[in-house]
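Reader: I am new to this structure. Please take one part of it and go through it closely, starting with the backbone.

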Amino acid sequence: MSGEAVVVGVRLRPFVGYEQGQSACLEIRDDKTVSVLCQGGREAKDFAFDVAMDSTDKTKDNYVSQVKCYELMAKKMIEHIIAGYSTCLFCYGQTGTGKTTTIMGSPKPVSEQGLLLRLINDLFEFAESQREQGSSINLKVQMLEVYNEKIKDLLAPKTDSFTRQKPPEVHVHPKHVSMLRAPRIQKQKASTTVLS
Ligand SMILES: Nc1ncnc2c1ncn2[C@@H]1O[C@H](COP(=O)(O)OP(=O)(O)O)[C@@H](O)[C@H]1O
Ligand SMILES: [Mg+2]
């Protein structure tokens, strides 16, 4: 994983509610391989990833908890961020597949925190240790939601329609990628305040 510019992982969640009693179509074969089992009678097909995570059963030896998922997928980003690289953590999947659980999880208990909370906590801790050594560090946080082509500033205080600020805008560069411009940046003391 070290030195890789892009790391692609797949995570299998346990059956929930209505899925109980169904048979699995996917299986994590080893720490890099997923097998698709339901091939209409045909042989199972294997797909390779940088990381394949089995989070289906806590009693399994290879069970990937929230903390293990962080170690496998995101922790390395801290080094890159500190070295000055732009980094991006991207979670993709259809509704109900476990994106929110993996990215956000739950603030409490700490064991259930997702990747983003862990990343931010580690970054704040790094900043604190640098400050203790005399460095001056300024952290800025923006939290924007893009849904149905509309952007929402999640840290903006709730306002009535008369005082509502201009919403953030998307700027599409003719040659490069889309840029987001938000009218306001909130400063917070700790990541838990920002994300709770
Ligand atoms: N790793 C996991 N372990 C246990 N349950 C999970 C896991 N990932 C997802 N779930 C459960 O699956 C359901 C859908 O997860 P969610 O994160 O909301 O999906 P998404 O954000 O992709 O729509 C929720 O009930 C959630 O608790
Ligand atoms: Mg979700």
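Author: Helices and strands here are DSSP runs, at least four residues of H or I for a helix and at least two of E for a strand, numbered from the N terminus. The model is predicted. N148 is found in the loop between β6 (144–147) and β7 (150–153), and E149 lies in that loop as well. Most residues other than glycine have a negative phi, and most peptide bonds are trans. N148 is not a glycine, yet its phi is positive, about 50°; E149, not a glycine either, has a positive phi of about 65°. N148 is exposed, with 4 other C-beta atoms within 10 Å. E149 is exposed too, with 6 such atoms within 10 Å.

P109 sits in the loop between α3 (99–103) and α4, and the peptide bond joining K108 to P109 is cis, with omega about -5°. α4 itself has 18 residues and reaches 26 Å from its first C-alpha to its last, close to the expected 26 Å. After α4 comes G134, whose phi is positive, near 100°.

The buried residues of α4 are L115, L117, R118 and L119. L115 and L119 belong to the largest nonpolar core, which has twelve residues in all. β5 (51–54), α1 (66–73) and α4 (115–132) each supply at least two residues of this core, and α1 gives the largest share, four. Domain 1 (1–64) and domain 2 (74–139) both contribute, so the core lies between them. V64 is another of the core residues; beyond its neighbours within four places in sequence, V64 is in contact with R11, M53, D54, S55 and C69.

Key:
Residues are numbered from 1 along each chain as its sequence is written. Chains are lettered from A and ligands numbered from 1 in the order in which they are written. This is a predicted model: local features need pLDDT of at least 70, side-chain atom pairs count only at pLDDT 80 or more; totals for chains, interfaces and linings use all residues. A nonpolar core is a set of buried Ala, Val, Leu, Ile, Met, Phe, Trp, Tyr and Cys residues joined through C-beta atoms within 7 Å. A residue is buried if 20 or more other C-beta atoms lie within 10 Å of its own, exposed if 12 or fewer, and partly exposed in between; C-beta atoms are placed from the backbone. Domain bounds come from an automatic or database domain assignment. Two residues are in contact if their C-beta atoms, placed from the backbone, lie within 7 Å. The expected span of a helix is 1.5 Å times one less than its number of residues.
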